[in-house]
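Please look through the structure below with these notes beside you.

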Amino acid sequence: MNTKNLIIATATMLCSLTATAQDRADQQHLTDPNSFSMILLGDPQGYVKYDINQPIFELTTAWCADNIDSLRIKAVLCTGDMVEQNENIVRNRAMLNQTSRQMWEWASHCMKRLDNKVPYIISTGNHEYGYVRGDEGFTHFPEYFPFERNSKWAECVVSAFPNREGKVSLENAAYEFEDKAWGKMLVIAVEWAPRDEVLTWAKDLADNKYKDHKIMLLLHSFLWERTAERTENEDYRINPRNYGQDVWDKLVFPCKNIGLVMCGHTGKPGEFEDNVAYRKDKNSAGKHVHQMMFNVQALGGGWEGNGGDGWLRILEFMPDGKTIKVRTYSPLFGISPATKHLAHRTGECDQFDMVWE
């Protein structure tokens, strides 16, 4: 075989291998090439608390990185609880086999897949605080997720508010995006059980400097599973605090431009419907606010299962500037031809449209 033919044969083989790899990874695409997307990850604590589950979390973030172009991903959102316990060296082997440091390090490692490629936005959950479950106000979050680690944050973070320890942190931060069809948009992420001063900060952003933006709120505790009732009077000692109903009354309802609220936190072993919720209610301006809970940690075998079967949500923002198409997808199932047919959930609670008013 001469040199020219060898080069052609090699190129053909490489193209074939590339196509095979893409097929195996089940790359996803927008329903409209003029859309863009944001990806929503549920609470990942069940992935990081057992070493055998940890690669599943990395698979989801690696999948996000692989689909940045095909899905035109503007941001990856996470509902919080990056770890099972914030500060604990005593391993309760009935529910985990990792120390807090090991869990934080793995969560950080998985999110590194997205660093300098796309902004990711985390609403810190109760398990990121205190010793075991979020009763106290201290956290290691700023140590593992400092602002400087992801250059993409510098392009979109427009405001931040100090955390419970008085430190500047992405626990309370606002991220600005813009799209030709959707105009100017703002995602506000807040801490676990946000304090009144945090809600005041967020409301000031919505009412003043960003009053012409479409605003999305990302927080940990807001809706209960199935019933979609708002959380209130939860059994945690952290104080001061606001749960779902308080956040609705003090921030979401009075603001005219918050159109979508996303949360995690609640859920239980059982059917898929036991780990999601959705409702919409009118705000003070008479416009519907979409509210969505997505927390898959109990799927894939219950509390001590695999952490969530890789389920995530693709939020496709359509070029009409008002419709968001929600799809529920699992890279864990999608990566293999043997399970690819299970990778998309298409039930009423899994695939639906939200129209921004």
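1. Start with helix α3, residues 54-66. It has 13 residues and reaches 19 Å from its first C-alpha to its last. That is close to the 18 Å expected at 1.5 Å a residue. The expected span is 1.5 Å times one less than the number of residues. Helices here are DSSP runs of H or I with at least four residues, strands are runs of E with at least two, and both are numbered from the N terminus.

2. Some ground rules. This is a predicted model: local features need pLDDT of at least 70, side-chain atom pairs count only at pLDDT 80 or more, and totals for chains, interfaces and linings use all residues. Residues are numbered from 1 along each chain as its sequence is written, and side-chain values use heavy atoms, with hydrogens and water left out.

3. Which residues of α3 are buried? They are Gln54, Ile56, Phe57, Glu58, Thr60, Thr61, Trp63, Cys64 and Ala65. Buried means under 20% relative accessible area, exposed means over 50%, and partly exposed lies in between (1.4 Å probe, protein chains only).

4. Next, helix α4, residues 100-111. Its 12 residues should span 16 Å at 1.5 Å a residue, and its end C-alpha atoms are 17 Å apart, which agrees. Its buried residues are Ser100, Met103, Trp104, Trp106, Ala107, Ser108, Cys110 and Met111. The cover over these buried residues includes α2 (45-48), α3, β3 and α5.

5. Now pair the two. Two packed helices are described by the angle between their axes and the distance between the axes. The axes of α3 and α4 come within 8 Å and cross at roughly 25 degrees. α3 is therefore roughly parallel to α4. Angles under 35 degrees count as roughly parallel, over 145 as roughly antiparallel, 65 to 115 as roughly perpendicular, and the rest as oblique. Axes are lines fitted to C-alpha atoms, for helices over the stretch in contact, and angles run from 0 to 180 degrees between N-to-C directions.

6. The crossing of α3 and α4 is right-handed. That term applies if the near helix is turned clockwise from the far one by less than a right angle; anticlockwise is left-handed. On the α3 side, the contact uses Gln54, Pro55, Phe57, Glu58 and Thr61. On the α4 side are Gln102, Trp106, Ala107, His109, Cys110 and Met111. Contact means heavy atoms within 4.5 Å. The contact residues divide into six nonpolar, four polar and one charged. Nonpolar covers Ala, Val, Leu, Ile, Met, Phe, Trp, Tyr, Cys and Pro; charged covers Asp, Glu, Lys and Arg; the others, Gly among them, are polar.

7. A second pair is α6 (residues 196-207) and α7 (residues 244-252). Their axes come within 9 Å and cross at roughly 40 degrees. α6 and α7 are therefore oblique to each other. This crossing is right-handed. Asp196, Leu199, Ala202 and Lys203 of α6 meet Val247, Lys250 and Leu251 of α7. Four of these contact residues are nonpolar, none is polar and three are charged.

8. Check the backbone in the loops. Asn239 and Pro240 are joined by a cis peptide bond, with omega about 0 degrees. Pro240 sits in the loop between β7 (214-218) and α7. Ala193 is not a glycine, yet its phi is positive, about 45 degrees. Ala193 lies between β6 (183-189) and α6, and it is buried at 3% relative accessible area. His265 also has a positive phi, near 80 degrees. His265 lies in the loop between β8 (258-263) and β9 (276-282), and it is buried at 12%.

9. Is Ser123 buried or exposed? Ser123 is buried, at 0% relative accessibility. It lies in the loop between β3 (120-122) and α5 (141-144). Leaving aside neighbours within four places in sequence, its contacts include Cys78, Gly80, Val190 and His220.

10. Finish with two lysines. Lys322, in the loop between β11 (312-317) and β12 (323-329), is partly exposed at 42%. Lys322 and Trp356 are 34 residues apart in sequence and 4.7 Å apart in space, C-alpha to C-alpha. Lys256, in the loop between α7 and β8, is exposed at 58%.
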